[in-house]
Amino acid sequence: MRTRLTDLAEQAGVSTATVSRVLNGKPGVAGETRQAVLAALDVLGYERPSALRARPAGLIGLVVPELSNPVFPAFAQAIESQLASRGYTPLLCTQSPGGTTEDEYVETLIDHAVDGIVFVSGKHADTRASTERYQRLRGRGLPIVLINGYAAGIDAPFVSPDDAASVELSVRHLVTLGHRRIGMAIGPDRFVPAKRKIEAFGAQLVRHGLAATEQEAREHVALTLYTLEGGQAAAGELFDSGHTAVVCGSDLMALGAVRAAHSRGLSVPDDVSVVGYDDSPLVAFTDPPLTTVRQPVADMAHAAVSALLTEIHGERAPRSELLFTPELVVRGSTGAAPAAPRS
């Protein structure tokens, strides 16, 4: 027991006395501290004492896109942690091309009598998709929260990063480094986050004197897929047309941009610079370490779960879209513009 208490205390960052109080179910321990001890139990592989196995408060559906993009597992984990700390059990539904659709997952979740659903980058982010599916859920009285995307007319809370701010951070950073030919590799503009980033990119190029009009700025945008291969193809086009820096719509795309540079014999960041988006796990350890804009996943997850539980408990959460400020993380994939312009 002494060894276990010591291990748990070290993992949770608390005293052995605090661990003992949690394990014995004694009062006087803050909720966050208690959760840290429970997480330490799980991480170290210890079985929770039966007294600590609280009866779940209910089931929550969590619908996310495919898990090949590291930011979506990060969202799933952050939301699951927030739900678990409040006694709820998430039912994770992951989509993949040709697999179970969002609507099919929703029907399954309803059959399981979930208390609410969190949608991450779902159909609500697609400007061509009908919002009727969400209106039907609200018509049944089922609480929902929508992350990363906004559609007017849906009676639900929205949680998003500030896409315009993320682009401003990226472009300003590159301009400060002396870049004058800056391109953007982004996913399909039918999706709200991409649409917002493209509009902000055009405004930033005009603001910094890199394009005469926002329409002209569109010539510096390459639309592609949110994949490594998509980023490689789009960035390749931009490098071939003389751009010395590329702002990407995701970290996966940015890694594809680095690959495109290397395949052309270009050095990152000596010849070209690349900025990602998300600050996914492990991008700090790529070659070179990726400069990126950190999406505030933990804060967004906290806000989404809080809004959902407010609705579940019979109160009304704010309907205005909550926008969270991103953070530029400068690493090794960006550097000063080359002295001689590339042709």
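Biologist: Is Asp279 buried or exposed?

Modeller: Asp279 is buried, with a relative accessible area of 16%; buried means under 20%, exposed over 50% and partly exposed in between, for a 1.4 Å probe and protein chains only. The model is predicted, so local features need pLDDT of at least 70 and side-chain atom pairs pLDDT 80 or more, whereas totals for chains, interfaces and linings use all residues. Residues are numbered from 1 along each chain as its sequence is written, and side-chain values use heavy atoms, without hydrogens and water.

Biologist: With which residue does Asp279 form a salt bridge?

Modeller: A salt bridge places a side-chain nitrogen of Lys or Arg within 4 Å of a carboxyl oxygen of Asp or Glu. The partner of Asp279 is Arg331, with the closest N and O atoms 3.0 Å apart. Arg331 follows strand S12 (327-329), while Asp279 sits in the loop between strands S9 (273-278) and S10 (291-294), so the pair ties together parts 52 residues apart in sequence. Helices (H or I, at least four residues) and strands (E, at least two) are DSSP runs numbered from the N terminus.

Biologist: How many salt bridges does a search of the whole structure find?

Modeller: The search finds 18. One of them joins the side chains of Arg190 and Asp126, at 2.7 Å from N to O. Arg190 belongs to the loop between strand S6 (182-186) and helix H8 (192-207), and Asp126 to the loop between S3 and helix H6 (132-139), so this bridge ties together parts 64 residues apart in sequence. Asp126 is buried at 6%, whereas Arg190 is partly exposed at 27%.

Biologist: How far apart in helix H8 are Glu199 and Lys195?

Modeller: These two are 4 residues apart, about one helical turn, and they form a salt bridge with N and O atoms 2.9 Å apart at the closest. Both are partly exposed, Glu199 at 43% and Lys195 at 37%. Salt bridges may also form a network, as they do among Arg138, Asp155, Glu311, Arg316 and Arg319.

Biologist: Which residues touch the most other members of the largest nonpolar core?

Modeller: In soluble globular proteins, nonpolar side chains tend to be buried together. A nonpolar core is a set of buried Ala, Val, Leu, Ile, Met, Phe, Trp, Tyr and Cys residues joined through side-chain atoms within 4.5 Å. Here the largest has 27 residues, and Leu62, Phe75, Ile79, Val118, Val120, Ile147 and Val159 touch the most other members. Strands S1 (58-64), S3 (116-120) and S4 (144-147) and helices H4 (71-85) and H12 (297-312) each supply at least two residues. H12 gives the most, with 9 residues. Apart from this core lies another, of 20 residues, including Ala235, Val246, Ala257 and Val268.

Biologist: What does Val118 touch, leaving aside residues up to four places away in sequence?

Modeller: Val118 touches Ile60, Gly61, Leu62, Val63, Ile79, Val145, Ile147 and Leu308 on that basis, contact meaning heavy atoms within 4.5 Å.

Biologist: What volume does the largest cavity have?

Modeller: Its volume is about 50 Å³, taken as the space filled by probe spheres set on grid points joined across faces, edges and corners. A cavity is a set of points on a 1 Å grid over the protein atoms alone where a 1.4 Å probe fits but cannot get out, and lining residues have an atom within 4 Å of a point. The search finds 1 cavity of 30 Å³ or more. Among the lining residues are Ser166, Met184, Lys197, Cys248 and Tyr277. Helix H7 (163-176) provides the largest share of the lining, 3 residues.

Terms used. On a 1 Å grid over the protein atoms alone, a cavity is a set of points where a 1.4 Å probe fits but cannot get out, and a pocket is an open set with protein on both sides within 12 Å along at least five of seven lines; lining residues have an atom within 4 Å of a point.
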